[in-house]
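Please examine the structure below, with attention to a loop residue, to helix packing and to the nonpolar cores.

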Amino acid sequence: MSDNAIHLPVVSPRGWEISPPEQVLSGGWRLLVTCAGEYADASLLPATGDWIPAPVPGTAAKALAEAGRFDPADPLPLHDKDIWYVTSFRSEQSGPRRLVFGGLATLAEVYLNGEKVLASETMFSAQEVCARVEENNTFAIVFRALEPELSRKGPRARWKTQLTPSQGLRHLRTTLLGHMPGWCPDVHAVGPWRPITLHEVDAPCLRDLAIRADLAHDGTGHLYVSFDWNKIGETAIVECAGRSVMLEARADGKVAGELSLPGIEPWMPATHGNPALYDIWLGFGGQKMHLGKTGFRRIEVDRGSDAKGFGLHVNGVPVFCRGAVWTTADLVGLSGDTDTCRPLLELARDAGMNMLRIGGTMVYESRAFFDLCAELGIMVWQDFQFANFDYPVSDVPFSAAVKAEADHQLTLLQGNPALTVLCGGSEIYQQGAMMGLPESRWRGELTRTVLADCSQERRPDVPYVENAPCDGAMPFSSNEGIAHYYGVGAYRRPLEDARRADVRFAAECLGFSNVPSAQSLTEFGLATPHGPGWKAGIPKDRGADWDFEDIRDHYLKTLYGIEPEALRRERPDRYLDLSRSVVADILEATFAEWRRQESSCKGALVWNFQDVRPGAGWGMLDVAGRPKASYFALKRAFRPLQVSLTDEGTNGLMVHLANETPNERHVQLELTCLRDGRLPVVRGARDLTLASRDALTIAATDIFGAFFDTTYAFRFGPPSHDVTFARLTDQATGELLAEATYFPLGFFDEKHPLELDCTLTERDDGTWELELETQRSWRFVQIDCPGYRSSDDGFHLHPGAARKIHLSPETASVTSSRPKGALRALNADNAVVFSG
């Protein structure tokens with residue numbers, strides 16, 4: 001094949017474009033906001049006036065924000081207005097062209113040289129029109145006000161949702177972001193949010209493209225490629241992993257071919273192996289076209305011995321799926337480009353997250369997002385963008401739009417190995433069932449057949465589930481199928497409920513109001529938890545008389561014995577530290593429970609990954625992309641090589657070990673109990689060999705070699721210790737691999753002078769290493785180092801081994817300054833300052 005490579009093409013309604021577009025219409029755009037219906041068509045637009053520059057692809061909110069006219073924290077409504085985009089472009093030759101729109105949000109009319117050439121009513125499908133262009137062209141798009149459509153009559157709904165006050169959204173194919181008061185700002189998605197390209201009318205196209213990369217049980221990879229292209233007229237070859245196959249014509253008019261690749265390295269989630277990827281090339285007529293990268297994997301659903309569970313096996317390996325529900329990398333601009341998504345996805349990978357879920361209340365992400373997930377070894381659970389409503393699937397135009405949407409989104413993702421689960425939507429079944437309706441009313445054709453059939457046709461290698469949650473006596477029962485588990489969390493259940501509920505798979509769970517770092521709160525102007533604007537950042541279910549800070553305060557009181565109201569007023573910094581700590585404790589304890597060898601749970605995704613507004617939102621990352629204490633708690637809970645502790649009452653303390661990696665590991669397990677946080681009372685150690693994909697549970701008494709009341713369950717006299725910690729190290733190098741801590745007496749509010757040895761060393765790559773040693777256990781150690789991001793935070797520090805923390809600059813400009821910060825702990829009455 002020649003080196004005249006064509007890069008990954010535009011995906012239009014016709015299919016995958018072979019030739020690069022004649023033009024990408026991204027420059028020179030201007031925007032005008034008008035009253036609804038003020039201008040009937042483009043010919044009436046004023047030449048001068050309140051026009052502002054507008055990025056394309058992008059949104060009106062982004063353009064207005066860049067012009068200083070839109071505050072994402074206090075957004076002005078956009079769905080009650082018409083918004084016009086105009087530009088001009090030149091063409092070398094007049095004549096017919098195809099205009100391809102990757103995404104128009106949402107009710108759009110397109111005008112070329114004053115003529116209306118397209119009307120679109122969906123945000124989630126590509127659109128295409130053939131029109132004549134001149135050498136000099138004017139181009140306009142108007143996004144009509146959505147508000148009048150929200151009151152449009154349609155088929156009668158069998159229920160109404162509390163998710164949004166705009167019930168008319170069930171008729172429209174647009175995102176629910178911006179329409180869910182209480183947790184998402186009213187940032188309305190309006191504009192050409194995906195690229196606009198100009199193409200030759202007769203440019204060849206891969207119609208009905210199918211790329212499937214499977215892995216057989218014997219380790220052979222099979223790459224199947226087919227498409228309908230009646231203009232190929234030449235020999236076509238598919239090449240991958242150093243092998244090639246000539247495509248052959250079939251009776252149905254398609255060309256197809258299959259490559260067998262014995263011994264191919266499979267794609268695995270990063271927690272369990274290497275996410276190996278391979279380029280796919282299509283060669284024809286002396287040139288080659290890149291069809292993207294693929295990975296060879298086999299996804300199988302494990303229903304358990306009772307056929308009531310849900311879990312995933314990847315290439316025959318059981319994988320405990322853990323991660324979070326993704327919101328968006330850019331609420332204002334809805335950008336899906338690599339530069340925007342990579343930093344966030346790398347943080348997910350670094351935290352041991354092997355799955356992200358795109359819920360039905362969000363937007364479909366770009367191919368770039370999925371390619372990054374494939375590269376980083378992150379599986380994606382993709383909901384189709386349907387949630388909570390009773391959708392009018394019996395309406396023929398609506399059903400046709402749904403099929404076109406699903407076809408476009410799945411065509412876009414052909415061959416991508418990160419796509420792991422397809423789901424018919426979020427909480428549709430739950431919403432109907434909670435209204436007291438019988439199953440026949442809420443289990444409908446949209447998710448049972450329409451989306452299921454599209455999924456089977458376009459991505460037969462990906463398991464499909466009807467809805468999340470589903471199965472069980474009620475679709476929201478957690479002991480069967482897929483759950484949305486908030487027993488620990490919004491329903492204020494004790495931590496023991498995580499076991500009692502018999503969770504099989506939590507597609508979302510554990511939503512808390514997570515407090516950002518002190519640095520972020522200062523930047524947001526939210527330094528105190530009772531200042532102006534604080535409550536605006538706290539998520540709240542619509543119609544509820546409580547918010548998620550109330551949930552966090554409940555656990556602060558029940559687990560720590562702290563009266564949150566008084567503490568918030570009198571000692572706000574202490575309140576914030578304890579608020580960070582209690583959520584971290586809950587997250588680590590719950591995942592220790594679910595990842596036990598004996599647990600029925602096969603996966604859990606936390607609600608959610610990143611905030612959409614400044615403040616103590618649900619996210620593990622704040623709106624600036626900075627990790628919170630909850631992120632670091634999950635990073636510790638998600639380690640592929642792990643040690644954790646659970647209190648089994650009079651059965652004592654159990655130590656749980658897991659090695660999810662593909663390699664055998666020789667480790668030493670050490671278990672130590674301390675009195676007053678510093679005096680060893682009992683200690684035991686054991687050398688172990690953990691086989692690949694192995695899990696092991698050991699009683700603390702087996703490690704000690706004799707009975708010891710580690711959990712203080714028998715209460716023979718006063719407690720003998722107040723801290724127990726397990727430490728897992730590499731036998732050969734002594735490297736600290738994982739730690740777990742158990743406080744048999746719960747939280748105790750006492751303080752000591754913070755004493756520890758702290759050494760800061762610069763590394764060759766411009767980052768720094770902070771080494772900590774101590775003679776006393778310190779609870780929830782936090783690192784305040786403005787401008788630098790630490791590899792761990794909010795951790796417990798124990799005597800006997802050095803803890804190494806990596807400090808990396810947040811931005812390139814920080815590398816010129818040396819880190820300066822402070823360490824503090826919940827049981828310390830002072831801070832220790834360090835500097836480089």
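Asn514 is found in the loop that lies between strand E31 (506-509) and helix H10 (518-524). In this predicted model, is Asn514 buried or exposed? Its relative accessibility is 3%, and because buried means under 20%, Asn514 counts as buried. Beyond its neighbours within four places in sequence, Asn514 is in contact with Gly615, Ala616, Gly617, Trp618, Gly619 and Met620, and also with Val583, Lys628 and Ser630. Asp611 is 97 residues away from Asn514 along the chain, yet the C-alpha atoms of the two are separated by 9.5 Å.

Two packed helices are described by the angle between their axes and the distance between the axes. For H13 and helix H14 (residues 629-637), the angle is about 25° and the axes are 9 Å apart. Since angles under 35 degrees count as roughly parallel, H13 is roughly parallel to H14. The crossing of the two helices is right-handed.

The largest nonpolar core has 176 residues, and Phe591 is among the members that touch the most others, together with Tyr85, Phe101, Phe139, Ile141, Trp381 and Trp594. Helix H13 (residues 572-594) supplies the largest share of this core, ten residues. There is also a second, separate core of 30 residues, whose members include Ala213, Leu215, Leu282 and Phe284.

Another helix pair is formed by helix H3 (residues 338-350) and helix H4 (residues 367-376), which pack at an angle of about 35° with axes 10 Å apart. The crossing of H3 and H4 is right-handed. Here Thr338, Cys341, Arg342, Leu345, Glu346 and Arg349 of H3 meet Ala368, Phe369, Leu372, Cys373, Glu375 and Leu376 of H4. The contact of H3 with H4 has seven nonpolar, one polar and four charged residues.

Conventions
Residues numbered from 1 in each chain as written. Predicted model: local features only at pLDDT ≥ 70, side-chain atom pairs only at ≥ 80, totals over all residues. Heavy atoms only, no water. Core = buried A, V, L, I, M, F, W, Y, C linked by side-chain atoms within 4.5 Å. Buried < 20%, exposed > 50% of the residue type's maximum accessible area, 1.4 Å probe, protein only. Helix = DSSP H or I, 4+ residues; strand = E, 2+ residues; numbered from the N terminus. Axes fitted to C-alpha atoms, helices over the stretch in contact; angles between N-to-C directions. Parallel < 35°, antiparallel > 145°, perpendicular 65-115°, else oblique. Left-handed = near helix turned anticlockwise from the far one by under 90°. Contact = heavy atoms within 4.5 Å. Nonpolar A, V, L, I, M, F, W, Y, C, P; charged D, E, K, R; others polar.
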